[in-house]
Amino acid sequence: MDHALIVYVNQTGPVIERDIYGHFSEHLGRCIYGGIWVGKDSPIPNINGYRKDLVEALKRIRIPNLRWPGGCFADEYHWMDGIGPQETRKRMVNTHWGGVVEDNSFGTHEFMDLCELLDCKAYVNGNVGSGSVQEMQEWVEYMTFDGDSPMARLRAKNGREKPWKLPYFGVGNENWGCGGNMTPQQYALEYRRYQTYVRNYGGNTIYKIACGANVADYAWTETLMKEAGRFMDGLSLHNYTFELDWDHKGSATEFDENNWYTTLRNACGMDGLITNHERIMDTWDPGKRIGMIVDEWGCWHKVEPGTNPGFLYQQNTLRDALVAGIVLNVFNNHAERVRMANLAQLVNVLQSPILTEGPDMVLTPTWHVFDLYKEHQGARLLATGLATAEYRPAAKSEAAAKDKKGIPAVSASASCSDDGTVTVTLTNANPSENARVPLSLSGSAKQYRVSSAEVLSADRMNVHNDFVNPRALVPVPLSVPSVRDNSIDLVLPPMSVACIRFLV
Ligand code: AHR
């Protein structure tokens, strides 16, 4: 037997925070303008300027939180430029992303109102790199102060009497790079100073997130935990999935099995990376008070031919769906420490769940994975035991084979909702072989039955949804035999992401 999965239904772990299924929207390419915001006078159907189709699609996957305004843009953003009458707002050059002129017509009011419309939590990222402490303090006052203060008056003058809820605030972004090229010691000191003035006003309590490491920069995590741990609630981590590495990105749609394998191998690397950062966090915070916030993750491919290289627009195939399925299983299984994650990015940028073109919208395979996995949100993690064979592509020579270490063919995670429903999500990375996975629900005398079983799969690894064929890849029912003695013989098709739900 190549694979087997035991789900211990009586061994519940931590809650899988809904926020693990969060998203990220930056002033980058067509994410904000065209993707989210078309303006109230647009012929594209909208709700107060927000695309109606996008709002509905995000509600369907129960978007729990949204991060804004960056990314690298955050440390260049001066929030006062984005308030007041839209026509008179100050313009700026978006130097990071294509050098285009940003007219600031989407600002604090537009973002915070969007979060209310989506019924999701706002995660605002402040400017440490080029902003002042005062600017950050006043922004938080502007958004949340509930009495009579200069910033609350300004907010009211701009049309919003009531403060908004601001649950999450990031103190800088990638301050080791685009956010000021700081050393960890330098940023730790800056973080301590800036966060002091990120105040809780009235009933609003802010969860403060410090800028964390770039991929495997463990020294950054160590220094931040040591020097500033007691001043933070969360520490971020950024890790993108490349076909090979930053310097060797591949096409989003034109790739072979070797590229498929290297991409999924990199996605699997998220597990070890989180484990290593966790170990460091555990030494400074054994009680696990501080959350790991993976607020940028996803595939980073070459841009679509003919598009602005600074706009990071890429297609999204079954391979991206596998990456999402594998990584979300990793996050679920690390729910004790990983409290939030934000896919980069929400629409038209990097691994987007949604693509738009004028009035048209496409739900990508990645959107479908978020839809398949949504029942994990807020459920309790269940202990699992997974045995799986390795997958690696055939190598032409022994030397080449050495380069190709096997990756787990199957990944899985399981959770139990308040109503007792058990949700199991699985992926099969092997592009040519079924994975037969005998699955047993152990530890309960109750008899379970399958309440739903769906799978996202295709016969070609680069299948994707586009504006001509928006439903080329959508989940279909997965045929499963009936449950016997709380066991089931599951067969996952090659290259698939599946969700099976069990009820008593
Ligand atoms: O998501 C695109 C960019 O990647 C972000 O702006 C930055 O934080 C990261 O390097």
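Me: Which residues does serine 496 touch, not counting residues up to four places away in sequence?
Reply: This is a predicted model, so local features need pLDDT of at least 70 and side-chain atom pairs pLDDT 80 or more, while totals for chains, interfaces and linings use all residues. Residues are numbered from 1 along each chain as its sequence is written, and side-chain values use heavy atoms, leaving out hydrogens and water. With contact meaning heavy atoms within 4.5 Å, serine 496 touches Leu322, Leu426, Thr427, Asn428, Val455, Leu456 and Ser457.

Me: Is serine 496 buried or exposed?
Reply: Serine 496 sits in strand 25 (residues 496-503); strands (E, at least two residues) and helices (H or I, at least four) are DSSP runs numbered from the N terminus. Buried means under 20% relative accessible area, exposed over 50%, and partly exposed in between (1.4 Å probe, protein chains only). Because its relative accessibility is 1%, serine 496 counts as buried.

Me: And which backbone oxygen does the side chain of serine 496 reach?
Reply: A polar contact is a pair of N or O atoms within 3.5 Å; within protein, one must be able to donate a hydrogen and the other to accept it, and residues adjacent in sequence count only if both atoms are side-chain atoms. At 2.6 Å, the side chain of serine 496 reaches the backbone oxygen of proline 493.

Me: Over to helix 5: what arc do its buried residues cover around the axis?
Reply: The buried residues of helix 5 are Pro184, Tyr187, Ala188, Tyr191, Tyr194 and Gln195. They all lie on the same side of helix 5, because the arc they cover, taken from the directions from the helix axis to the C-beta atoms, is only 140°.

Me: Which elements do those buried residues of helix 5 pack against?
Reply: Helix 5 itself runs over residues 184-196. Its buried residues pack against helix 3 (133-144), strand 9 (168-171), strand 10 (207-214) and helix 6 (218-228).

Me: How much of the ligand's accessible area does the protein cover?
Reply: Oxygen atoms of the ligand are 2.7 Å from a side-chain N or O atom of tyrosine 240 and 2.7 Å from one of glutamate 296. On its own, the ligand has 280 Å² of accessible area (Shrake-Rupley method, 1.4 Å probe; for residues, only the protein chains shown count as cover), and the protein covers 93%.

Me: Last one: is isoleucine 354 buried or exposed?
Reply: Isoleucine 354 lies in strand 14 (residues 354-357), and its contacts include Leu54, Met361 and Trp367. Because its relative accessibility is 0%, isoleucine 354 counts as buried.

Technical notes. The expected span of a helix is 1.5 Å times one less than its number of residues.
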